Amino acid sequence: MALQVYYFTGTGNCLSVARTVADRTDGTPISVAVALAGGQIRTDADCVCIVFPVYLAAIHGVPLMVERFLTELQGISSKRVYAICTSGGYEIVNAVPTLRNLARFASESGFRIDAEYTVRLPMNNLDYDHIPVPIETDSATIIRSAQAQLDDICERITHGRQGKHHLARRLFAIGMTPLNVIMARASMKSLRQLAHEPEDSALGFRELMPLTDESIRVDDTCTGCGTCAQVCPASNIQMIDHRPTFLHHCEMCFACDEWCPEGAVHHWGRPDGAKYHHPAVKVADLRGGHGLRAP
Ligand SMILES: Cc1cc2nc3c(=O)[nH]c(=O)nc-3n(C[C@H](O)[C@H](O)[C@H](O)COP(=O)(O)O)c2cc1C
Ligand code: SF4
Ligand code: SF4
């Protein structure tokens, strides 16, 4: 079984998962950002796996770039498609609805998700109103527990076993719908604020998310090194006069914030100085992984 493992990542959790899955299944990890940058996306593999982080589960959860990648992957309707999402919060209220939205998106786009899996990894934005924030010392424990989940996922993928969530978990997620509606309203409100749009803006989340870079602040410690532009999977940062300029097609991945060597980039909700990236992933992996050279 030839398996191509595509990943989208900001702070390395999904890259680490993609590497493990690829190692265990004789697959190859490929960055979604690199695949999209190369024009037509083709693969001879019969099975593809997409690994992505959950973003704003209450609204949609699936990163925009992941949706774009899936619709641009040629022949996807005739391939076996596995989805693995990593979430910082509890799976049942974050990953399960996200995967449900992904399945809906897939069916509207003419393909299907054959198996879906979730892995809980440390929360990279380090602030989430209704979910306990794993502090740095917890990260190692969370990553260790994720290993067992990942072993099971790799085993299932290798043996082509069913990977849908149990009915009970899906029913629980459906029971959460009223709460989700309230959370979605609150998330849309904050999304409008982050995008610097008025309260009565008619823009939906797909239009608002790219504009959230309006709220990214770069302080005076910036040395103009260009790392943020190199690690941005969306090529959303251009260096102008040795300063990063944001181009408003942001994916909200937090990579620029996390990997800035000076800690000069500040996102909403992330306390100054608070950092998280997967310990097995280094900035060089993302520079190379996204296929970009220093500007
Ligand atoms: C803007 C943003 C929104 C997020 N929203 C959620 C969320 O709604 N639920 C959740 O469980 N995790 C959420 N997360 C956490 C990430 O999904 C999680 O940490 C993921 O493993 C990060 O993957 P990466 O390191 O590959 O980028 C969010 C992260 C960011 C940056
Ligand atoms: S990575 Fe940090 S220091 Fe380097 S250009 Fe970007 S903001 Fe400035
Ligand atoms: S600008 Fe920053 S947050 Fe937005 S996509 Fe690029 S690296 Fe991610």
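How many bridges join strand 3 to strand 4 (residues 80-87)? Seven bridges join them, and the two strands run parallel.

## Basis of the report

This is a predicted model, in which local features need pLDDT of at least 70 and side-chain atom pairs count only at pLDDT 80 or more, while totals for chains, interfaces and linings use all residues. Residues are numbered from 1 along each chain as its sequence is written, and side-chain values use heavy atoms, with hydrogens and water left out.

Helices (H or I, at least four residues) and strands (E, at least two) are DSSP runs, numbered from the N terminus. Two strands pair if DSSP finds at least two bridges between them. Phe 52 stands opposite Cys 85 in strand 4. From strand 3 the chain passes through helix 3 (residues 64-72) to strand 4 in a right-handed β-α-β crossover (with the strands pointing away from the viewer, the path from the first strand over the helix to the second runs clockwise).

Strand 1 (residues 3-7) is joined to strand 3 by five bridges, and these strands also run parallel. Leu 3 has Cys 47 as its bridge partner in strand 3.

## Burial

Buried means under 20% relative accessible area, exposed over 50%, and partly exposed in between (1.4 Å probe, protein chains only). Strand 3 (residues 47-53) is largely enclosed by the rest of the structure, because seven of its seven residues are buried. Cys 47, Cys 49, Val 51 and Pro 53 point one way, whereas Val 48, Ile 50 and Phe 52 point the other way.

In helix 1 (residues 13-25), ten of the 13 residues are buried, including Leu 15 and Val 21.

Methods: Chains lettered and ligands numbered in written order. Expected span 1.5 Å × (residues − 1).
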